[in-house]
Amino acid sequence: MGVRKIAATISALLVVVSIISLTINSLEFGLDFTSGTSVRLNYGGTVDLDEVNGILQNNGYEDAVVVSFGTDRDIRIILPVDETVDVQDQAGQAVEVGATIAALLRSNSDAQISLLGSDYVSAKVGEELAEQGGLGMLVALGIIMVYIAVRFQFKFSVGAVVALAHDLIVTLGIFSLVRMEFNLNTLAAMLAIIGYSLNDTIVVSDRIRENFRRMRRGTPIEMVNKSLNQTLSRTLITSFTTLLVLFSILIIGGESTQGFAVALIIGVIIGTYSSVYIASNVIIYMKVTREDLMIPLKEGADLEGHP
Amino acid sequence: MVLLIVLWGLLYSVPNLYPDDEALQITTEGLSLNSADIEVVTTALEAAQVEFFGVEGNDTNLLVRFDSVEDQLRAKTAIEDALGADYIVALNLAPTTPNWMQAIGAGKMNLGLDLQGGVHFLMEVDMDAALERRMNDNLSNVRTILREERIRTRGLNLISNSHLEVRFANAGERSQARSELIDNFPEMLFQNRDVGDIFILDMRMTADTILQVHRDTLQANRTTLLNRVDALGVAEPTVQQQGANRIVVELPGVQDPAQAIRILQRIATLEFHLEAEIGATSLSYEPYEYQGLLVNVDNDVILQGDRVSNVRSTLDQNGLPQVQINLDAQGGTQINRVTRDNVGRMMDILLIETKSRTNTSLNEDGEEVEEIEFYEDKRLISHATIRTALPRTFVITGLTAREANDLSLLIRSGSLAAPMTIVEQSVIGPTMGRENLEAGLRGVQVASVLVVLFMLFYYRVFGMTANVALIMNILLIFAVLSSFLPATLTLPGIVGIVLTIGMAVDANVLIFTRIREELSNGVPPQQAIDAGYNRAFTTILDANLTTFLVALVLFTIGTGPVKGFSVTLMIGILTSMFTAIVGTRSLINLIYGGRSVQKLSIGRYRSSKQAQAT
């Protein structure tokens, strides 16, 4: 199948571009990883972000970043850590900062402004969670490799893990390319992508195993192709229903879950592609044979029969 | 069996439909409530003309319900005024589910802060400070012991917060000191080291001791926070340990975060007093209640709580519970001097906490203004006879195991709090919480409808069984969340549920494509159904098991959003395996079972002739 070589090339290209983008652009880390205070406000009508930004710049908040937040009536103001103030005080002040900014904006605008909430986040927690997340991914990958090696065969473990690594790198790469914010929600999404992509890969592998055991004729490549074709409609339908769900979260689920939904949508698309093209490709490159998948005969167990 | 589980799911998810009543929960510290209290509450409410209903209660707490939030708030002020400061009046929501449902444990899900609004703090305990404090204490302890034994040293130094060194002029003095110290510091490791003509004795805290200090400190801080949170009158606060050195405080429904911060950062203190002598002038003492008795406590403070370096409840050699109190060097000298002259008198320990109350008064314009007033709440927590001149480590005996435990916690909460910093704080307004909840639930609804329509269109009758299974699955997830687990539903949790909806149909898609395949191979309908379910089973098992493993890893390692997401994902995987395999199978058996079927309504598939042609 010529597509195999093309797919391998595309994937290699994607991974390389992702890695380059990650090294050059890095990720647009959210407040969870950079420390600071965030204030969420709701305006009665449409907000002019530039105007709000101007008010803040002229009143001593030069470092403030104003972003819209879900609808065009909600905004989020992000203030980086003020290094001249003690951390303890900053945390305590998050509430006052919120109130001060709300009052400042109210006095400069006719709009009905209400304070939705304010956060102080220390990067310490985010960094630790990222560490935990990274560790979680490694542990998860390890456990998966062992499980698949036991249930299937070692070559399948390599296939699954290569596919997973591919998905994660490319998803992160896309995040860095389009400069989307990477926060704790997106981190959680990364972890969910592992679960999803794995699900797909296992279903395909399962079919490959079954076909190897059942069919007496055919080269490994033919059998892998047949398995892929047999599972293709299921792969597409499941991805379709999952995407259906994710798009409904993206559109109506509210701002708080949007980052999560976008990350998962990218992950599901990449994951579907990789379980079809990457995992099986690796298995073929590793020269899977029928013997790899034969049910091992326990010595004498079958011969004794029932007493 | 299937029917039973479905009924169970229905029963336990239904309570979520009953809206809660606004209510006030009235409790009192340590004391029990009686019918006179109920009388006071009802008269106060009638006087204030607040409508209320459903007064119920037992010995320890009383619940009054209201129709609206305004009534609830007005009632809170009225009741607080009527009952006085010994009672805690907390805003609460009371379930309206019928009693029989509550009796079998069917209740509502707990909603996370992001769904109902409130304040969230993450506080970090400064463990280094706690260790350093303990080590400084050890250092002066060593100094005192060596002085008492008349062993000369050439200096004591703190090397790190778990390591100190004592220098000697010769090896003889060192070994003498070592044998003296080793009994007094069982939690330290001793090591000899020679540098030139200086003979050094290294004392290091063992890893176990360091861990123990960490655990004690965290526990002490948690207790302190709990006590302070209680003073806020929040109905269902969460004060939980997170990781090795952090504490999460969540206060649902708190409207004034600034006040919450003020109170959380306040430190309770301890004071040691003597009991007033009989015949002392009434100006020199104050009466306190202790276990139903009135005790006159002398006004002079003989020792401040910050001299307490460690407290723990232990057992004496006879196995009787006792509270062991360690003081620092100066505190030891102080208490020894006082108690030496007062053997036979009683020593009292007071716990002093700063609390707040809201006063309503009329201003000049006749409008009601609320004012927050802070006041000190002093409580007598120990009243014991001095048997001998007390050294710096002494014990309080004659307590029950529970009393000993409570007392040591109380003393610790008043004295030991290592410094804490707020590392994360977030305030979620109640409107934002409601919006999050509504948006999340809408997401679940729309997603379900879309998936249901698609399945119906693509798989016809079989799709319909999958849809029934899907709805059952959602019910079961809600039922499990509401009854079994003390799980809290958060926004990431809702996302987890939504994701399971997408993936739950996966099992059915696997089964149905398999059945279609069998049909295209010319297998008769009943056998095709059988084969489809059997063949797809291993695949579903493998796929779900691996995803479950991933969710389990996330659950064990993650915190916050990651944990919330993984919990619902795990529940979803388990319930969906059940509904998608067992559930649809029994439905299909109902529809197609026990008769010969010519054609299955499973959407389009290639007929056997076409299949053979390819």
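B:Arg460 counts as partly exposed, because its relative accessibility of 42% lies between the limits of 20% for buried and 50% for exposed residues. In this predicted model, B:Arg460 belongs to helix α12 of chain B, which covers residues 430-483. The backbone of B:Arg460 adopts a phi near 50°, a positive value in a residue that is not glycine. Most residues other than glycine have a negative phi.

A positive phi is also found at B:Arg150, where the angle is near 55° and the residue is again other than glycine. B:Arg150 is placed in a loop of chain B, between helix α6 (127-148) and strand β7 (156-160). The relative accessibility of B:Arg150 is 74%, so this residue counts as exposed, the limit for that class being over 50%.

A glycine with a positive phi occurs in a hairpin of chain B. The hairpin is formed by β16(B) and β17(B), with five residues between the strands, and B:Gly319 takes a positive phi near 80° there. Strand β16 comprises residues 308-315 and strand β17 comprises residues 321-327; the two pair in the antiparallel sense over seven bridges. In this pairing, B:Val308 has B:Leu327 of β17(B) as its bridge partner. In a regular strand, side chains alternate between the two faces of the sheet.

Helix α13 of chain B, residues 491-520, includes B:Ser520. With a relative accessible area of 8%, B:Ser520 is buried, because the limit for a buried residue is under 20%. A polar atom of the side chain of B:Ser520 lies 2.6 Å from the backbone oxygen of B:Arg516.

Helix α13 also takes part in the lining of the largest cavity. The model contains nine cavities of 30 Å³ or more, and the largest has a volume of about 110 Å³. This cavity is lined by 13 residues, of which A:Arg207, A:Thr231, B:Leu510, B:Arg514 and B:Thr539 are the closest to its centre. Both chains contribute helices to the lining: α7 (184-214) and α8 (220-252) of chain A, and α13 and α14 (525-557) of chain B, each supply at least two residues. By residue class, the lining of the largest cavity consists of six charged, four polar and three nonpolar residues.

Note on methods
Residues numbered from 1 in each chain as written. Chains lettered and ligands numbered in written order. Predicted model: local features only at pLDDT ≥ 70, side-chain atom pairs only at ≥ 80, totals over all residues. Heavy atoms only, no water. Helix = DSSP H or I, 4+ residues; strand = E, 2+ residues; numbered from the N terminus. Buried < 20%, exposed > 50% of the residue type's maximum accessible area, 1.4 Å probe, protein only. Polar contact = N/O pair within 3.5 Å; in protein donor to acceptor, adjacent residues only side chain to side chain. Pairing = 2+ DSSP bridges. 1 Å grid on protein atoms, 1.4 Å probe; cavity = no way out; pocket = protein on both sides within 12 Å on 5 of 7 lines; lining within 4 Å. Points joined across faces, edges and corners; volume = space filled by probe spheres on them. Nonpolar A, V, L, I, M, F, W, Y, C, P; charged D, E, K, R; others polar.
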